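Open the model in your viewer and keep the selection tool at hand. This tour tells you what to select next and what is there.

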Amino acid sequence: MSDDRTRDEAAENELKGVPEDMIDGDDQYGEPDGESVDDALAKLGAELDEAKQQVLYARADTQNLRRRMEKEIADARAYAATGFARDILSVSDNLSRALDAIPADLRDDEKWKSLIAGIEATGREIDKVFASHGISRIAAKGLPLDPNQHQAMIEIPTNEVEPGTVVQEMQAGYMIKDRLLRPAMVGVAKKPD
């Protein structure tokens, strides 16, 4: 009996300073509002399941955001040169026009051969730099008009090819990787009137 009294005194000492409304003398587990232990466990289990679901949603959102950011970074790296490439295309066009304008008799003249060779080497170097940055020329002449790559400027009446076929390229078009950098400006065949 003295052990029981000692335990009761120890319990009372532990409870000193605890507000009376938090101590329920009849219920040794301190069950709130008459709720059973099983009900409390079920409620806690439901809250745990809800918290787990919220964590899964948060993880999925984080993973989606990470993937989206990785794609945006990869696109930024891949297409960072787009503005510069558009600007340099006009330089390439002018260089091509200069080479096309050289008459055949000047090409054979010893005085001009080294100048012409230098201009041609510059053109090849530009093409090499374009290729190293994923910039490629769009094929046009002899192909059907592709509105995703070609811009029809004129229609040319002819019976030699099917209508809708590109018969003239006025300005070369270019792609940067899988995106259109500049459409090819073309003349397209049509049936003669």
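**Before you start.** The model is predicted: local features need pLDDT of at least 70, side-chain atom pairs count only at pLDDT 80 or more, and totals for chains, interfaces and linings use all residues. Number residues from 1 along each chain as its sequence is written, and note that side-chain values use heavy atoms, with hydrogens and water left out.

**Stop 1: the two domains.** Select 51-133 for domain 1 and 136-192 for domain 2. These bounds come from an automatic or database domain assignment. Taken over C-alpha atoms, the domain centres are 21 Å apart. Domain 1 brings 13 residues to the contact, and domain 2 brings nine. Contact means heavy atoms within 4.5 Å.

**Stop 2: the interface.** About 990 Å² is buried between domain 1 and domain 2, and carbon and sulfur atoms give 55% of that. Buried area is the accessible area (1.4 Å probe) that two parts lose on being put together, summed over both. Now pick Y79, L89 and D93. They supply 50% of the area that domain 1 buries against domain 2, more than any other three residues.

Stop 3: How many salt bridges does the rule find across the interface of domain 1 and domain 2? There are two. A salt bridge needs a side-chain nitrogen of Lys or Arg within 4 Å of a carboxyl oxygen of Asp or Glu. Select D93 and R182: their side chains meet in a salt bridge, 2.7 Å from N to O.

**Stop 4: helix α3.** Select residues 82-101. Helices are DSSP runs (H or I, at least four residues) and strands are too (E, at least two), numbered from the N terminus. Among the buried residues of α3 are L89, D93 and L95. Buried means under 20% relative accessible area, exposed over 50%, partly exposed in between (1.4 Å probe, protein chains only). Elements covering the buried residues include α5 (110-132) and β3 (166-171).

**Stop 5: A74.** Go to helix α2, where A74 sits. A74 is partly exposed, with a relative accessible area of 42%. A74 and A117 are 43 residues apart in sequence and 39 Å apart in space, C-alpha to C-alpha.

Conventions. The expected span of a helix is 1.5 Å times one less than its number of residues.
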